[in-house]
Amino acid sequence: MERWAVNRERKECREVGRRVIEHGSMEFDYCQGTVLRFYHSNVRRGSGMDGRGWREIGSLVRRTTSGMPTGLSPFGLMCCRHNSLGGCGDCRWNCSREASIFEFRDDMNMTIVLDSTFAKPEDVGKVLGVPKARVKWLKRLASSQTIFSGKTAEKKNGARTSASAKKRNHVRGKAKKAAR
Amino acid sequence: MAKPKKRRDEVFLNIPYESKFEKLFVAYIAGLSAFGLVPRATLEIPDSSRRLEKILGLARKCRYSIHDLSRVQLDPRKPRVPRFNMPFELGLCVAYASQNKAQKPNWFVFEAEANRIDKSLSDLKGTDPRIHGGTVRGALSGPCNIFRRPGRQPSVPQMMQIYRSLRRKQPTILKEAGTKDLFTKRVFVDICVAASAEADRAVAD
């Protein structure tokens, strides 16, 4: 293999290692017992990488990448779920080449990785049996910076400004007057 | 190709319905909504016969359950008795989870004080409860330690933002419901929807 290709490969290896280490340090709580799996083309299942904490993985990755055989691509990563090399279309676990180096596991049942969809207000309303009009009103209420009063709520369109906003406007008016 | 069916996780919220617990009640709703989960509670069940069956049905429907066992004190009013509802419902959930061998344990216990549960519910020895210390921030950081959503992971400050917004809007919701009590079905449902709307805005992709 050409020297430039070897260098490039080593650089890529380092990049993978850095991503593992960074991501691990950011996302994984060693004390909580959260573990991750790292699959590499030259690190197969049962090779001792399973179930290790990110610190260990970090050191292993460093070791692996420094002594990486030149013929292996650092992106020969396994899709942990579907056992296929590289990206996997079916998998929701970010199996694209960019981020397919991890699989989150909750072996210790300490952290649960949610695989459901993020519930929107409409979904919550549907589950809890809230009429659509009311969901709309609550969404408007949640997004408003003003305080709805009982009286103005009857008028439907009205929204009374909050006391702080009133005070702000008052002060602004006074400042304008003083400037004049 | 048919679209994969959307699935939403529901969380059974087993907490004491007391005025002293209002802040934590809103905090739990804010925390769960920040994770895109749907809070469910026995408040939804109308007071009628066969209440127990309905509670069981609700607990079965929910994928996860959160049990706050921090109220172990005696009620100051007569008759001076502690509330047994929370431990009882925890027992139901534990029994249901143990029946389903395929399902992983999905119930979580919260307490205000460390080591107190060893005395109040010693059968749970070996299960570490999450200690919230009776604070809002503690109740919000609890779900953070339990759940993780790839791509849309909320932070505690974001949860606090949702919580504060809910507390600001609480008088309006109560007024609309024509009650001063937070622990009613209508108010609970409204708070959940408002929390979800706020979470959708606050927790970015």
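## Terms and model

A residue counts as buried if 20 or more other C-beta atoms lie within 10 Å of its own, as exposed if 12 or fewer do, and as partly exposed in between, with C-beta atoms placed from the backbone. Helices (H or I, at least four residues) and strands (E, at least two) are DSSP runs numbered from the N terminus.

The model is predicted, and local features need pLDDT of at least 70, side-chain atom pairs count only at pLDDT 80 or more, and totals for chains, interfaces and linings use all residues. Residues are numbered from 1 along each chain as its sequence is written, while chains are lettered from A and ligands numbered from 1 in the order in which they are written.

## Strand 4 of chain B

Strand 4 of chain B covers residues 107–111, and five of its five residues are buried. In a regular strand the side chains alternate between the two faces of the sheet. Here Trp107(B), Val109(B) and Glu111(B) point one way, and Phe108(B) and Phe110(B) point the other way.

Two strands pair if DSSP finds at least two bridges between them. Strand 3 (residues 64–68) of chain B runs parallel to strand 4 of chain B and is joined to it by four bridges; Ile66(B) stands opposite Phe108(B). Strand 5 (residues 130–131) of chain B also pairs with strand 4 of chain B in the parallel sense, over two bridges, and Arg130(B) stands opposite Phe110(B).

## The largest nonpolar core

A nonpolar core is a set of buried Ala, Val, Leu, Ile, Met, Phe, Trp, Tyr and Cys residues joined through C-beta atoms within 7 Å. The largest one has 66 residues, of which Tyr28(B), Ala30(B), Ile191(B) and Ala194(B) touch the most other members. Helix 7 (residues 185–202) of chain B gives the largest share, 11 residues.

Two residues are in contact if their C-beta atoms, placed from the backbone, lie within 7 Å. Leaving aside neighbours within four places in sequence, the contacts of Tyr28(B) include Leu13(B), Pro39(B) and Ile66(B).

Chain A has six helices and three strands. Buried residues make up 24% of its 180 residues.

The contact between the chains takes 28 residues from chain A and 33 residues from chain B. On the side of chain A, strand 3 (112–113), helix 3 (121–128) and helix 4 (132–143) each give two or more residues. Strand 3 of chain A runs parallel to strand 6 (residues 147–148) of chain B, with two bridges joining them, and Val113(A) stands opposite Arg148(B).
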